[in-house]
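New notebook page. I'm going through this structure piece by piece and jotting down what I look up.

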Amino acid sequence: MRVSDDRYTRDRSRLDLALRLIRHEARTFTIRQWTGLSDDRIRKLYRSYVKSHEARGVLRHRGKSPRQVAFFFRTPEINFQAAQLASLFLMYGLVAATPAGLEARYRLGALDSGALLCLAYEAYLELHAPARISFEHAWFLLAALARRDEMSVGRCDACGCLRLRDLLARRRLACGSCGPAPEPAAAPVIALALPC
Ligand SMILES: [Zn+2]
């Protein structure tokens, strides 16, 4: 009994996570990565979700996933929102700050990590209207930070806020908090999100 209960609970959590990802307009590939569900099962879930919620606003994205870290440095606003997302990733324990830089603490395909990623993204959505960063870009940001080959985080010398650092140094932007285009709601959150 216990084994089948566990299996039922796990299957249930898998479907819950898939639905949550569908609501965030994640790509089928991303949903498969995080839930292990087949493309066919995801398509059926998507169809039943749209039917039952009349979710006309939910889009299904096709084509390639985001691949360019340049996106996060495109404008001060996006740069600032991305730095906030990075703070939330730290706060939710998806990455950890170590002397060598950020280290991944999520496990791709683990349901609890997938749920944390959704929580972090949902917290980000609460803070920003309009939110400039899609779920796909948020996931790409997390993976890029964990890879540590193109992006990192550091503190702004002037205000101490977390900011993104382009390791290839092609783009240097002013801090999103004390530089151009600051967002008023941000300061307390950043302070909360920064592990010392
Ligand atoms: Zn600053």
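Before anything else, my helices (H or I, at least four residues) and strands (E, at least two) are DSSP runs, numbered from the N terminus. This is a predicted model, where local features need pLDDT of at least 70 and side-chain atom pairs count only at pLDDT 80 or more, while totals for chains, interfaces and linings use all residues. Residues are numbered from 1 along each chain as its sequence is written, and side-chain values use heavy atoms, with hydrogens and water left out.

**Entry: phenylalanine 135**

I looked up phenylalanine 135 and found it in helix H6. Is phenylalanine 135 buried or exposed? I call a residue buried under 20% relative accessible area, exposed over 50% and partly exposed in between (1.4 Å probe, protein chains only). Phenylalanine 135 has 1% relative accessibility, so I put it down as buried. Next I listed its contacts, meaning heavy atoms within 4.5 Å. Not counting residues up to four places away in sequence, phenylalanine 135 touches Leu21, His24, Ala26, Thr30, Leu117, Cys118 and Tyr121. I also checked glutamate 122, which is 13 residues from phenylalanine 135 along the chain; their C-alpha atoms are separated by 9.3 Å.

**Entry: the rest of H6**

How many of the 13 residues of H6 are buried? I got twelve, so mostly covered it is. Among them are His137, Leu141 and Ala146. For the length, I expect 1.5 Å times one less than the number of residues. That makes 18 Å for the 13 residues of H6, and its end C-alpha atoms are 18 Å apart, so the two agree. Just after H6, I noted that arginine 148 takes a positive phi of about 65°.

**Entry: aromatic pairs**

I searched the whole structure and got seven aromatic pairs. My rule: rings of Phe, Tyr and Trp (its six-membered ring) pair if their centres lie within 6.5 Å, with planes under 30 degrees apart stacked, over 60 edge-to-face and the rest tilted. Tryptophan 34 and tryptophan 139 are an edge-to-face pair, 5.0 Å centre to centre with 65° between the planes. This pair links distant parts of the chain, since tryptophan 34 is in helix H2 (residues 28–35) and tryptophan 139 in helix H6 (residues 135–147), 105 residues apart. Both tryptophan 34 and tryptophan 139 are buried. Phenylalanine 72 and phenylalanine 140 have ring centres 6.0 Å apart and planes at 15°, so I logged them as stacked.

**Entry: the core**

I define a nonpolar core as a set of buried Ala, Val, Leu, Ile, Met, Phe, Trp, Tyr and Cys residues joined through side-chain atoms within 4.5 Å. The largest one has 51 residues, and Phe72, Phe89, Leu141, Leu145, Met151 and Leu164 have the most contacts inside it. Which element gives the most to this core? H6 does, with ten residues.

**Entry: cysteines**

I found zero disulfides, counting a pair of cysteine sulfur atoms within 2.5 Å as one. The sulfur of cysteine 161 has its closest cysteine sulfur 3.6 Å away, in cysteine 159, too far for a bond. Cysteine 159 is partly exposed at 34%, while cysteine 161 is buried at 11%.
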